[in-house]
Amino acid sequence: MITENHAPSRSQAVNYSVPNVNIFENKDGYVIQAEMPGVSKDGLEVTLEGNEITIIGRRNPQSKTEAEALLRETRRADYKRVFELDPAIDTSKISARIEQGLLTVTLPKSERVKPRRIEVSD
Amino acid sequence: MNMIRWQKPVLPEWPSWNRLNDLRTEIDRLFEAPFAELSRSSQWLSGWIPSLDLYEDKDQLTVQVELPGMKKDDISISLHDGSLSISGERRSDEKFEEADVYRAERYVGRFHRTIQLPSPVAADRVKAQYKDGILTITLPKTDEAKPKQINVQEG
């Protein structure tokens, strides 16, 4: 089970916005999807400390324009969210990629906890 | 971030007790009211409303819409009578259909946004780009809509 860890973000002075996430689990592991529109690969920071994973997405710098905003609904803040990982996850095999502002973190379970079929001997 | 907030439906006044027949209708209505409210205010049933920015400078209008994790071909844009419509559909991930779900905060389904443009644009020169989950539409103004410098002549 992956749970959210709020504690570190409260002590942060920087204002982040919280990305919407989906979290799935199947027999092979977990997948976290986080929505970070405006973030490319270079702005992405995924760090692991013990059992805690921190995902940070920094928005691409806006090109300077003299345009006037007539309507602005988007938030300019960078994204951050912290999760506590299931000890069953093999932290050496975690991988991440971002595609069209959607971060996908794949967290495989270690071999020893995966369900295995035991052959019955005669 | 788009949060779904539960909005308390406005409940009708309690009917007087001597109108039993009406009371029954009223009870039926009370049961229906929360669902009606839900379908009106909730994005779960009405689709999602992506965030949109609109900028203007002297030459063009720029619209930016946050649409993370979509496919280019699932987005459609149209311009009609000075209003710009952006619509599309995000499908749920088939590969996670069998998986256990711990969190499902991402919206799936259709969205549709229409904005009235503040000045006339040259429809044939409108461009759209989808990058890093942000759709950017640039709409050059028509020559008539651009600000013009008028020279003052001495007479």
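In this predicted model, 7 salt bridges are found across the interface of chain A and chain B. One salt bridge joins the side chains of A:Glu73 and B:Arg113, with a distance of 2.5 Å from N to O. Between chain A and chain B, 29 residue pairs are in polar contact, both residues of each pair being at pLDDT 80 or more.

On the side of chain A that touches chain B, at least two residues each come from strand 2 (21-26), strand 3 (29-35), strand 6 (68-72) and strand 7 (79-84) of chain A, and strand 2 of chain A gives the largest share, 6 residues. The classes of residue on that side of chain A are as follows.

| Class | Residues of chain A on the side that touches chain B |
|---|---|
| nonpolar | 18 residues |
| polar | 11 residues |

In the contact as a whole, 40 residues of chain A meet 36 residues of chain B, and the two chains bury about 3200 Å² between them, 50% of it on carbon and sulfur atoms.

The largest nonpolar core has 20 residues, of which B:Val63, B:Leu67, B:Leu84, B:Ile86, B:Leu135 and B:Leu139 touch the most other members. Several strands of chain B each supply at least two residues of this core, including strand 4 (83-90) and strand 8 (134-140). Another core, of 18 residues, lies apart from it and has among its members A:Ile32, A:Met36, A:Ile89 and A:Leu103.

Conventions
Residues are numbered from 1 along each chain as its sequence is written. Chains are lettered from A and ligands numbered from 1 in the order in which they are written. This is a predicted model: local features need pLDDT of at least 70, side-chain atom pairs count only at pLDDT 80 or more; totals for chains, interfaces and linings use all residues. Side-chain values use heavy atoms; hydrogens and water are left out. A nonpolar core is a set of buried Ala, Val, Leu, Ile, Met, Phe, Trp, Tyr and Cys residues joined through side-chain atoms within 4.5 Å. Buried means under 20% relative accessible area, exposed over 50%, partly exposed in between (1.4 Å probe, protein chains only). Helices (H or I, at least four residues) and strands (E, at least two) are DSSP runs, numbered from the N terminus. Contact means heavy atoms within 4.5 Å. Buried area is the accessible area (1.4 Å probe) that two parts lose on being put together, summed over both. A salt bridge is a side-chain nitrogen of Lys or Arg within 4 Å of a carboxyl oxygen of Asp or Glu. A polar contact is a pair of N or O atoms within 3.5 Å; within protein, one must be able to donate a hydrogen and the other to accept it, and residues adjacent in sequence count only if both atoms are side-chain atoms. Ala, Val, Leu, Ile, Met, Phe, Trp, Tyr, Cys and Pro count as nonpolar, Asp, Glu, Lys and Arg as charged, and the others, Gly among them, as polar.
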